[in-house]
Structure formats: C-alpha cells, structure tokens
Amino acid sequence: MKGLLKNPAVNAVCLSLFSAFYGLIFIITSGHIEFKSLLYYSRTARIYPFWTAWSSFLASGHHVYIAFTLIAITMLVVFMLLMRRRPYDEYHTANLIQCLVVAAILTLIAIAVFYLMILSDPNGIVEKFTLFIVINWTTVVLSDLVFVFVCRWR
Amino acid sequence: MQNNVRRFREKLGLTQKELGERVGVSRQAINAIETGKYDPSIWLAYDLSQFFGVSIEELFLFKEEDRK
C-alpha cells in the first residue's frame, strides 16, 4: 500500500477518477428537469432558511460552478503531481496518509451528522445527500491540495 | 525522537539535501528527522547509520518516554 502511495501517478489517477465521477454527476444534473423534480425544499410551502436556499441553488443548476471549481483544483493538483520528477519518499507518504486520515475522519463525522439530519427530517434527502457529497469531495480535493503544497520537492 | 543526525551531517560538511540524496530521501525528510518531527522507518535509520558508519543507537537516542 505504501509502495503505491509513493508513486505520484497513483495519487493523480485516484483523484482524477474521484473528481471525474462527481463532476460528471454535477454537470449532468445541473438544470436537469428530473433532478429538479426530486428536490423537496424548493417546492414545499414551509420555509427552512438554509435548506430552502440550498434547494433553490440546486434547482437553478448553480452546483455546476461547485463542480467546475473542484475540477479546476483537481487539475492543479494533478498537474503538480505529474510535474514531480521523483517518487515520494517515506516522509511524504506519511504526510499523504495523514491528509487522507483527516479527510476520512471528516467524512465519517459528516456521515453521522447527515444520518441524524435525515432521521430527524427524512424530507429533502437529495438536497442533504448532495450537500454531503460537496463536503466529501471538497475535503478530499483540499486535503490533496494541502499535501502537494506541503510536500513539493525542491 | 532525539538524534545526532545533524551533528554527524555537519561533521561531514553535508547539507540536508546532499545527505538526503545519499540515502534516497528528500531534504524535507532529513529536516523533519533532525528536528524530531518525524521518526524514520527502521530501514532509513539503518541507511543513515550505515552512511555515517555508526550504530543506530549512536545515531538515535532511544528513551523509554519516547516509546509510542
């Protein structure tokens, strides 16, 4: 496992696939009629300040800008990874594992919080799960960005 | 973990980058080891001790309170 993590190309491929998957979903669902019909809070008469605003944001298809931003950051990270002339050493690998552990812990916390939110109000599960994906995606991309900046080889 | 890497390196007149190249790691790794921020693997500790021609115990100060 550590041997794989030492190769910058492995990190670049994994992050690219991760961002490509979510990016594709966000771009396809942006402005999609069926996606809009799945949203709850933008159609209900009751107003929940945060969820209504988030739902309207999704209904307007603005989440595509989140996708473009995270794809741009991913491209920057992948570019920096592929520009490396040498593989990571054990110190860099230890730092990468720390970054991934932080991303994993934040994701686990987000799972628990979102599970509680869904249990307390099962409506608007698409909005809630989309927000969870945004948090998860951002956490992973930013942790990798921090890693490539901290461990740049001079 | 406290160690004598900096002392032995400076004795040989090497920079962190040069020492890193000799043992196959980055300057950042040598810096992190010297400042005690990173404990090297047993193989890197072995490579460093071989390079300096000393035992691992001479290079790294094994204290019971540092045991994780």
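I looked up the surface of chain A: its accessible area is about 8,800 Å² (Shrake-Rupley method, 1.4 Å probe; for residues, only the protein chains shown count as cover). Carbon and sulfur atoms account for 75% of that surface.

I note that this is a predicted model, in which local features need pLDDT of at least 70, side-chain atom pairs count only at pLDDT 80 or more, and totals for chains, interfaces and linings use all residues. Residues are numbered from 1 along each chain as its sequence is written, chains are lettered from A and ligands numbered from 1 in the order in which they are written, and side-chain values use heavy atoms, without hydrogens and water.

I then turned to the fold of chain A, which has seven helices and zero strands (DSSP runs numbered from the N terminus: helices are H or I with at least four residues, strands E with at least two). The C-alpha trace of chain A spans about 60 × 30 × 20 Å along its principal axes.

I checked burial next: 42% of the 154 residues of chain A count as buried (under 20% relative accessible area; exposed is over 50%, partly exposed in between; 1.4 Å probe, protein chains only).

I examined A:I105, which belongs to helix α6 (residues 90-120) of chain A. A:I105 has a relative accessible area of 44%, so I record A:I105 as partly exposed.

I finally examined B:S49 in helix α4 (residues 42-52) of chain B. Its relative accessible area is 3%, so B:S49 is buried. Beyond its neighbours within four places in sequence, B:S49 is in contact (heavy atoms within 4.5 Å) with B:V54, B:S55, B:I56 and B:L59.
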